[in-house]
Amino acid sequence: MKKPAYKRILLKLSGEALLGEQKFGVDPEACLKIASSVKELVQLGVQIGIVIGGGNIFRGIKAADAGMERIPADQIGMVATIINGLSLQQAFERIGCKCRVLSALTCEKIVESYTWEAALKYLDQGCVVIFVGGTGNPYFTTDSAAALRALEIRAEVLMKATKVDGIYNKDPIKYPDAVKYDRLTYSEVLAHQLEVMDAAAIALCRENGIPIRVFSDRSLKSAVYNEPVGTLVEETKHR
């Protein structure tokens, strides 16, 4: 029987993944669908950490562009990720999958504070660990949080699930002639300013040799088996 290619992964999900058919907020059924896909991988022996965004509720950068001070705007966005993390945790609980939420923001009555020791302990116990609160600091995106947590939990790969099936030279939703890349180097992503993750996250992964796979949220299992789905970003694209 074919085995997963990875023992431990960091999965980055956008807040929009929790929307379902809604235009705002959290759809419990969308959460349940994600939880069921992840549970299937846990049952195969894969340890999974998840970083969740908050864009389905609040986007700090847009609020800042509209005149709000950047620091409180980003802090509101971090709180939005806590809401999403707790919502997703409830979906895991519904299907009998052990799950813990760890927050970079101190919010003791609601969620456990993040430490890397606690994260590693829960992963080794077979729990899915959801990381919320971003990095705990303004001016950093949840992509940067994903790269940081991937390093801290010693993940073998950072996987980013998106609405499209990989990285393109331009937005494939707007431009039908957009070209998809199967493989890229970190330097190519930065040089061509491909807007798949922020530059800080890409640079952190490059410096520490963590491959990034960007793929459609419908292809999670294939990505964990290292099948040729989406786009793989690593030090060299030639093998």
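Leaving aside neighbours within four places in sequence, Thr142 is in contact (heavy atoms within 4.5 Å) with Lys12, Val51, Ile52, Gly53, Thr81 and Gly134. The model is a predicted one, in which local features need pLDDT of at least 70 and side-chain atom pairs count only at pLDDT 80 or more, while totals for chains, interfaces and linings use all residues. Residues are numbered from 1 along each chain as its sequence is written, and side-chain values use heavy atoms, with hydrogens and water left out. Thr142 belongs to helix α5, and its side chain forms a polar contact with the side chain of Lys12 at 3.5 Å. A polar contact is here a pair of N or O atoms within 3.5 Å; within protein, one must be able to donate a hydrogen and the other to accept it, and residues adjacent in sequence count only if both atoms are side-chain atoms.

Helix α5 is largely enclosed by the rest of the structure, because eight of its eleven residues are buried. Buried denotes under 20% relative accessible area, exposed over 50%, and partly exposed the range in between (1.4 Å probe, protein chains only). The buried set comprises Thr142, Asp143, Ser144, Ala145, Ala146, Ala147, Arg149 and Ala150. Their cover includes the strands β1 (8–13), β2 (47–52), β5 (128–132) and β6, together with the helices α3 (70–94) and α7. At the start of α5, a side-chain oxygen of Thr141 comes to within 3.2 Å of the backbone nitrogen of Asp143. Just after the helix, Arg154 adopts a positive phi of about 60°. In the loop between β5 and α5 lies Tyr139, which has a positive phi of about 75° although it is not a glycine.

Helix α7 (residues 199–208) has Ala201, Ile202, Ala203 and Cys205 as its buried residues. Among the elements covering them are α5 (142–152), β6 (157–162), α6 (186–191) and β10 (212–216). At the start of α7, a side-chain oxygen of Asp198 reaches to within 3.0 Å of the backbone nitrogen of Ala200. Gly209 follows the helix and has a positive phi, near 70°. A positive phi, near 60°, also occurs at Asn226, a residue other than glycine. Asn226 is located in the loop between α8 (220–224) and β11 (231–234) and is partly exposed, with a relative accessible area of 32%.

The chain as a whole contains eight helices and eleven strands, where helices (H or I, at least four residues) and strands (E, at least two) are DSSP runs numbered from the N terminus. Its radius of gyration is 17 Å, close to the 18 Å that the globule rule gives for 239 residues, so the chain is as compact as a globular protein of that length. The radius is taken over C-alpha atoms, and the rule is 2.2 Å times the number of residues to the power 0.38. Along the principal axes, the C-alpha atoms fill a box of roughly 55 × 50 × 35 Å.

Of the 239 residues, 49% are buried. Among contacts with a separation of 6 or more, 70% are accounted for by residues 24 or more positions apart. The accessible surface, from the Shrake-Rupley method with a 1.4 Å probe and, for residues, only the protein chains shown as cover, comes to about 11,900 Å², of which 52% belongs to carbon and sulfur atoms.
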